[in-house]
Amino acid sequence: MNRRAPFIVLISATMLTACTSITPGIPSPASNPMLLKEIPPYGGAPKVPHPLPDSVLSGSPCEALSPKQIHDDIGPGIPGKVEDGALGPVCSWDGNGGSVLLIYFTTTQHEGLSIIYKQVKSQMKRFDVLPPIQGFPAVAYDTQPGPKTRSCHLTVGLADTLDFQIGLGLGSYNVGKVDSCDIAAIIADHVVTTLKAKVGR
C-alpha cells in the first residue's frame, strides 16, 4: 500500500454496513431443501485448493489485523468495535477523519464464495475476480462501476464453505486518487497472514 495518510471515508459506518449487508446473499427457499441444496463450490465459484479449518474464524474479527497492520492500514491508536452481524461477528474501525473499515467473519452461512457468485454478482456493476490472495480465491465488487470506486466489498474464500469479507469506503482525500478495491485487497492479504498464523500455516 502507498504509505499515505490513513484513507478518509466517504460514507458512514451505518451506510457501509447497509450496503455491505446485501453482498453475502440469502439462498432462495426451496420446496425440498434436502434435494435441491447445492454443494459448494457452485455458481462458477472456484474450488479452494488448500482450505483452512472452520476454527480459523473463531474469536473476534478485531483480531484479524495485528496492531502494526491496523496502524499502517487505518491509523494510529484506533480501536476496533465488534458486534454481532447477521452472518457472524463484524469489527469496525473508525479512523482519523472518519475512515471506516469493516471485517466480517462469515460463521452462520456455509456457502463460501459460491453464494457471492450465484446471488451477488448479478447485482453488482463492478465484479473483479482477483489473483488468489496467498493461494485463496477472492473477488472484489461494488454497486458502482470501476476502476476507482469510492467503496469496495471483498470476499476471500478460505474453504469451499468458509469466507471472510471486507467492507471499505474512501472519503474526499483519496476519491479519484486510489482504488478502494486495491486497498481492500492489501488489507485482505494482511488478514490472511494473521489467520494462517493462527492455525500454524
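Q: Is Phe127 buried or exposed, and what is its relative accessible area?
A: This is a predicted model, in which local features need pLDDT of at least 70, side-chain atom pairs count only at pLDDT 80 or more, and totals for chains, interfaces and linings use all residues. Residues are numbered from 1 along each chain as its sequence is written, and side-chain values use heavy atoms, with hydrogens and water left out. Buried means under 20% relative accessible area, exposed over 50% and partly exposed in between (1.4 Å probe, protein chains only). Phe127 is therefore buried, with a relative accessible area of 18%.

Q: Which residues form one aromatic cluster?
A: Rings of Phe, Tyr and Trp (its six-membered ring) pair if their centres lie within 6.5 Å; planes under 30 degrees apart count as stacked, over 60 as edge-to-face and the rest as tilted. Tyr117 and Phe127 are edge-to-face, at 5.5 Å centre to centre and 80 degrees between the planes. Phe127 and Tyr141 are stacked, at 5.9 Å and 25 degrees. The cluster consists of Tyr117, Phe127 and Tyr141.

Q: What is the relative accessible area of Tyr141?
A: Tyr141 pairs with Phe127 in the stacked arrangement. Tyr141 counts as buried, its relative accessible area being 0%.

Q: Which residues are linked with Arg126 in a network of salt bridges?
A: A salt bridge is a side-chain nitrogen of Lys or Arg within 4 Å of a carboxyl oxygen of Asp or Glu. Arg126 forms one with Asp128, the closest N and O atoms being 2.7 Å apart. Arg126 is buried at 7%, whereas Asp128 is partly exposed at 25%. The network links Arg126 with Asp128 and Asp179.
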